[in-house]
Amino acid sequence: MPGGRRRRIHFSKLYSFLCLRSSFTAEHSQIGKKGYSRVVYCNDSDNPEAVQRSYRGNYVSTTKYTAVNFIPKSLFEQFRRVANLYFLVVACVSFSPLAPYSAFSVLAPLMVVIGATMAKEAVEDWRRRKQDVEANNRRAKVYDNKSGIFVETKWKKLHVGDLVKVYKDEFFPADLLLLSSSYEDGVCYVETTNLDGETNLKLKHSLEVTSSLRNENSFQKFKAVIKCEDPNEDLYSFVGTLYYNNGQELPLSLQQILLRDSKLRNTDYVYGVIVFTGHDTKVMQNATDPPSKRSKIERKMDKIVYILFSTLVSISFIGSFFFGIETKKDIHRGKYRRWYLLPDNTTVFYDPKRASLAAFLHFLTGLMLYGYLIPISLYVSIEIVKVLQSIFINQDQDMYYDVADRPARARTSNLNEELGQVDTILSDKTGTLTCNSMEFVKCSIAGTAYGRGMTEVEIALARRKGDTKPGIGDNFADLPGSTSDVMDSRSSIKGFNFRDERLMNGQWVNQPCPDVIQIFFCVLAICHTAIPDVNKESDEISYEAESPDEAAFVIAARELGFEFFERTQTSISLHELDYGSGKKVDRSYKLLHVLEFSSSRKRMSVIVRNMENQLLLLCKGADSVMFERLSEHGRLFEVETKNHIKKYAEAGLRTLVVAYRELGEEEYRGWEEEFLKTKTSVSESRDELVDAAADKIERDLILLGATAVEDKLQKGVPECIEKLAQAQIDIWVLTGDKMETAINIGYACSLLREEMKQIVITLDSPDINALEKQGDKESVAKASSESVGKQIREGIAQIDSTKENSITFGLIIDGKSLAFALNKNLEKSFLDLATKCASVICCRSSPKQKALVTRLVKFGTGKTTLAIGDGANDVGMLQEADIGVGISGVEGMQAVMASDYAIAQFRFLERLLLVHGHWCYRRISMMICYFFYKNIAFGFTLFWFEAHTSFSGQAAYNDWYMSFYNVFFTSLPVIALGVFDQDVSARLCLKYPLLYQEGVQNILFSWPRILGWMFNGVISSMIIFFLTSNSTARQAFREDGQVVDFEVLGVIMYTCVVWTVNCQMALSINYFTWIQHFFIWGSIAFWYAFLVIYGSLPPTVSTTAYRVLVEACAPSGFYWLLTAIVVVSSLLPYFSYRAFQTRFRPMYHDIIQIRRSEGSETETSGGSPAPMKDKIYQLKKRLRDMES
């Protein structure tokens, strides 16, 4: 809209904005006390008291570290992990004679692991620092007292009390007190998307005494003092007092505060004074870390590490025990048993006279020697894998929404595997299942339903009934000249999907009640707070409204002949079709009062004077409050309208009742006088008095009709929910809609299915209604609690009675009942009932109830919960759930900012869980199990060797062999497994959603499976050691006839370990890429290359590895033959077990893999294979048994 036109609007003259003016409240009496001690000297930086207070500057830092504290703080973070702390202690002790290897060989891998993790932390923190630098160096205009003009400076140089000027589409650099704006009455429009996620513009206005400060000269003598609350995180309140014009006290509220990181919109400029800077601003006070979430696998992994620590201590104790016995026997009755150890002249470590002390010291040596049971690189490897998995999620083209240019985003990588274990999904409806893009589709005027076509919910209803009859409004299809599928030839209009030839193109003038229709659409065109915006180039008008519903009403009025095109300071102007003359005329309505919508009032009204000098009150609101306000003679169409509203609700539409009344001059003057007194009062109950005064005029209304807008289901929602249900995931929908609307939308999106039986819990009963009319709250609460408890027990009994018939149930509960069901005495039985149902719908749920229900399911079931939503009211639910998924829709980004994963459409949840969730769970599970396997297989060869050498504490391998085992020779293949492995393709994951139950039941990371992998490691170590040691005993190895010595035995054993664990990886992988091949065979090749390079160094450096491969092992055919025999023998137990399991007890993915390998699984094959159907039956039976 042109700037000049907009500037003439004095919104402060309207009641709706007058009532936002600040008044003194009880909190203002706290000014100066604790919590309200801030004093701001405006435009007076040289004031001694201002200098003395010295508030913090506007520099902002969101980094975790600084250049000074990075090293100590990062090291502290790393050594909070038990495994890292253990290796640090070992590294320190390794400098003592107790160490079985050199100190540097222990320090090197620890430094590599810790260094890699610290480097990752540094990179992430550097990115945050770059963002901080960008924000701190933004430019702002600040008033210079000396020159008397506004000069440009950086944000970080601003201070409390400075005067700043902010231009249109700029962000506010700090929390400001609005002094004035480009509008004469000091109003401005603010977008707060960065704060609360809401895209609707907020109206702010200055105090009248400062609204005249509109040029640089007026600020030369401006001085004022602000006393207000201390910095806090509350975005929705502000308490302060402005002392101005010789000590005049003026109350301040949130309406005068412009918060940092919100943006100035539709206003040329504003002037403001800085109240809070930097980390004192409300947005920074809210910048707390989200709740710390750890996956169940990660928590279980800690327990496994403790088991390995226990194993480490146990075998160290066993070794030291037998070492003590052997050492004590070295001198027996004066005879030397192991004379070569010189027991009469030895150190304390081998002193037979102090065998107990020697055993204790050997125990400490054992703790270091067997430390390789603990995988030093496990944590850093998992972090690397999870980051790479997150990149794949972010880059998935099948989860990219091209319409809004929004890809999927993994905002944390900690919970990737948790995506594969979700048991219950708790979802918001509006904006999550639906588009949150309202379209005007039907209406009821003067008892007649208008609007052709069927909504998605109506189609689903017709499908349920086996009926293809037209929807509401199409019952006139048999009228002469009408068709049920009339479509307007014009291009689609956002917010308007109404099709009915009886009203369109000016045909409404031929309807039986054209006068009622005219007033109906006048109400829609006038009763709102929208602002028209005229495109100067095309002259097209768009509207900026507070909600999508309101915009849809104004657009509908425009399309049907009542175009709202201009708003001045006290009037609204329409291009209106006059039914008398049939011509378009311009009509202006004088706007006297706007009584705005609120959640308590549930209605909105405007009082206008038309060109005929009539006083009209135009009102729209919820049917629950509107019908009771109708006059005796204003109920002419009540029955028909109520019937239409009920049908609209059943069709999933949102409804509002439209009414009006004509006011008498005397009545209006009397009410206005009382109303003005009320709104200018400064009592604490001012808001309640204003509502009561508004209620007095909103009486004796005449019913015109009702509107129905549709919030369409997002594309693919029914198919997605159906697929998730096939995966045996329970789905709960928590919505604020009416029960009828929620139920029918449930059918439309396949949440409720035709074969389901419904269990409805409601307090809408005659007994409860009768008690409510009596007003006895205690009796109502008691009776309500008893009623809800009884309905829950009946529901449980109904399910138990049909357990053998495999009937599925859907639970529907309204908001009042839910409040009682969440009480301590009923929550357990409510959860019991809900978990026995396949789907749950909670109607009329508040944001707090959403969070409470999520917590109940999370802790009550002990299983993984996922919450998904798109609005600020879903934040509590997202943070309470194990996994929070935000929909980056039209309600802003607050849900996304509080989420762990962000997707643009609900349908992408199917792929996120069934594909990425399943893969990530399987990969991480296999990766951890394999990590423990390879470390046990390696660590126990050390134990067997020590037992073979009388528990002497001698390491079987060279120091650097052991150091590089976890870092170079076995680490990369396991990372490749965690990133690339797939048991089945994405297509088959979606085709057979029951595969997902492998994660829900935790089949791949159960204790039997973990212990099985550990046992496999022990078996492998035994085969490697005993087969190697016995095969090489007492026979020539070298060409000169020398037998196998300590160095050669170590190389042979180590070679067998490297080959075995890497080939074990090759057996475990389902999906090979060149990367896996490169890492697996490259790791083995690197071992040989390392032996050649390290062995070529001087003996003082390479010690036992000096030319051992080139001169001893490589020329010997026995070395290569033995390696092959040992590796095959070590892999045989696992290979035999997998062959038996795949043939006789296959898992779900095994069946599909076999079917795929046989060629019977093609791209177009349909249905489940017979073994899979058998497995599905067994799984469902197992699930029912678990529930019972």
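Me: How do the axes of helix α11 and helix α30 run relative to each other: roughly parallel or roughly perpendicular?
Reply: This is a predicted model. In it, the axes of α11 (residues 378-394) and α30 (residues 971-980) come within 9 Å and cross at roughly 30°. Angles under 35 degrees count as roughly parallel. The two helices, α11 and α30, are therefore roughly parallel.

Me: Which residues of α30 meet α11?
Reply: The crossing of these two helices, α11 and α30, is right-handed. On the side of α11, the residues in contact are S381, I384, V385, L388, Q389 and F392. Their partners in α30 are I975, G978, V979 and F980.

Me: What is the angle between the ring planes of Y183 and Y189?
Reply: The structure holds 58 aromatic pairs. One of them joins Y183 and Y189, with 6.3 Å centre to centre. Planes over 60 degrees apart count as edge-to-face. The pair of Y183 and Y189 is edge-to-face, and the angle between its planes is 80°.

Me: Is Y189 buried or exposed?
Reply: A residue counts as buried under 20% relative accessible area. For Y189 the value is 6%, so Y189 is buried.

Me: How far from the ring centre of Y269 does the charged end of K165 sit?
Reply: Charged residues also lie over rings here: R38 is over the face of Y55, at 4.0 Å from the ring centre. The charged end of K165 sits over the ring of Y269. Its distance from the centre of that ring is 4.7 Å.

Note on methods. Residues numbered from 1 in each chain as written. Predicted model: local features only at pLDDT ≥ 70, side-chain atom pairs only at ≥ 80, totals over all residues. Heavy atoms only, no water. Phe/Tyr/Trp six-rings, centres within 6.5 Å; stacked < 30°, edge-to-face > 60°. Buried < 20%, exposed > 50% of the residue type's maximum accessible area, 1.4 Å probe, protein only. Lys NZ or Arg CZ within 6 Å of the ring centre and 35° of its normal. Axes fitted to C-alpha atoms, helices over the stretch in contact; angles between N-to-C directions. Helix = DSSP H or I, 4+ residues; strand = E, 2+ residues; numbered from the N terminus. Parallel < 35°, antiparallel > 145°, perpendicular 65-115°, else oblique. Left-handed = near helix turned anticlockwise from the far one by under 90°. Contact = heavy atoms within 4.5 Å.
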